[in-house]
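Hi everyone, thanks for coming. Let me put the model up on the screen.

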Amino acid sequence: MSLEKYEIKIKELLGKIEHPLYQKNLMELGMFSSLEQIDEKFHLLLKTSNPDRKIQIEIEARIRKSFANVPSFVGKVKIKFEIDESLKEKEAVNRRLPEVGKIIAIASGKGGVGKSTVAANLAVSLVQEGKKVGLLDADIYGPSLGSMFGVSGKLELSGDGKNSIYPHIAHGVKMVSFSFLLGKSQAVVWRGPMLGKAIEQFLFQVVWGELDYLIFDLPPGTGDVQLSMAQLIQVDGGVIVTTPQNVALQDARRASQMFLNLKVPILGVIENMSHFVCPSCGTSSHIFSKNGGKTLASDINVPFLGSIPLQEEIMESGEKGLPFVLDQKSSPTAKVCREICQLIASASQKSQEAQRSS
Ligand SMILES: Nc1ncnc2c1ncn2[C@@H]1O[C@H](COP(=O)(O)OP(=O)(O)OP(=O)(O)O)[C@@H](O)[C@H]1O
Ligand SMILES: [Mg+2]
């Protein structure tokens, strides 16, 4: 086969390989640079804006898999990458949802520290400010946002070709959750690729319409869901929720490292259940220790967004399906929550501007 024919065939195959981070094939992203023949070998040079070797290795593996079906390619093609920053623009455009303003992810290392509570109240606070908000409950292991908003019921595929999912709408928030796909007490054993597919559907098959904010409520830890999210879409910022004690903080540090690895800017740290004010005598006690969130924020050099007390009404509002900032609109704690939300909103704006200009 001549070099030209090789090049045509290679481009054809690259045009069928999807990039692991973007929903585009390698040719659409402009990754082909050159093909050279040196002795018996063909040297394929690819452009990439991403110096991360792990991604390059994954791309190479996809190419090798595709070339394995072409006998004249087997063992003959060497693949190399060169960094080309100009690809960045194309990639970034491809990683956004065209009608969605900002994407914010709520994470923690440890479970049960209040991510979903924060996500629910953030969403409702933004709606109270007149924003259009979507909430994606990506917690496969314990999807709880449905109950926190008092909504249930399966989401059905609809539209032409049954490809669209219409979100539930509760308290003005459009929401999807794994709990809307499963029976009430159905247990889930989903492996990485299936989880990735589900997150992809939640992002791209849900008819979100125009949104100012899409909020991801992540499962605890640093697993497949987090990775899929970051691979599928440009996240404008991550928020870390922690309780003040050391065991939670250690895990929160891992969550912050995860955001750094995934190149998601961290908007700040929220300390939840920071103190308990006795309803009868008014004494404040630091049940889970003191100032852990602040220390974490300063250690990882991100803003401290605020402290939310441990308060029975917060738990109760979750139980009755009415997020706290709606249920107890005029309480001092609701005010604190709204202030935290404003900080998150403005930090996400700055973060988006910074990402766009970089
Ligand atoms: N500040 C608070 N005061 C009182 N109860 C709270 C507070 N924050 C959260 N809770 C309650 O604690 C429980 C756990 O909170 P939540 O579900 O928000 O945590 P999570 O981090 O999302 O948990 P998971 O890791 O399981 O997803 C819930 O019952 C919630 O109502
Ligand atoms: Mg949760």
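I'll walk through a helix, then the cores, then a single residue.

First, some housekeeping: this is a predicted model, where local features need pLDDT of at least 70, side-chain atom pairs count only at pLDDT 80 or more, and totals for chains, interfaces and linings use all residues. Residues are numbered from 1 along each chain as its sequence is written, while chains are lettered from A and ligands numbered from 1 in the order in which they are written.

Let's start with α10, residues 312-320; helices here are DSSP runs of H or I, at least four residues, numbered from the N terminus. Ile314, Ser317 and Gly318 are buried there, where buried takes 20 or more other C-beta atoms within 10 Å of a residue's own, exposed 12 or fewer, and partly exposed lies in between, with C-beta atoms placed from the backbone. Those buried residues fall within an arc of 100 degrees seen down the axis, so they line one face of α10; the arc is taken from the directions from the helix axis to the C-beta atoms. On the other side, Glu312, Met315, Glu319 and Lys320 are exposed. Just after the helix, Gly321 has a positive phi of about 80 degrees.

Now the cores, meaning sets of buried Ala, Val, Leu, Ile, Met, Phe, Trp, Tyr and Cys residues joined through C-beta atoms within 7 Å. In the largest, with 74 residues, Ile106, Ala123, Ile215 and Met229 touch the most other members. Helix α4 gives the most to it, eight residues. A second, separate core has eleven, including Leu14 and Met31.

Methods
Helices (H or I, at least four residues) and strands (E, at least two) are DSSP runs, numbered from the N terminus.
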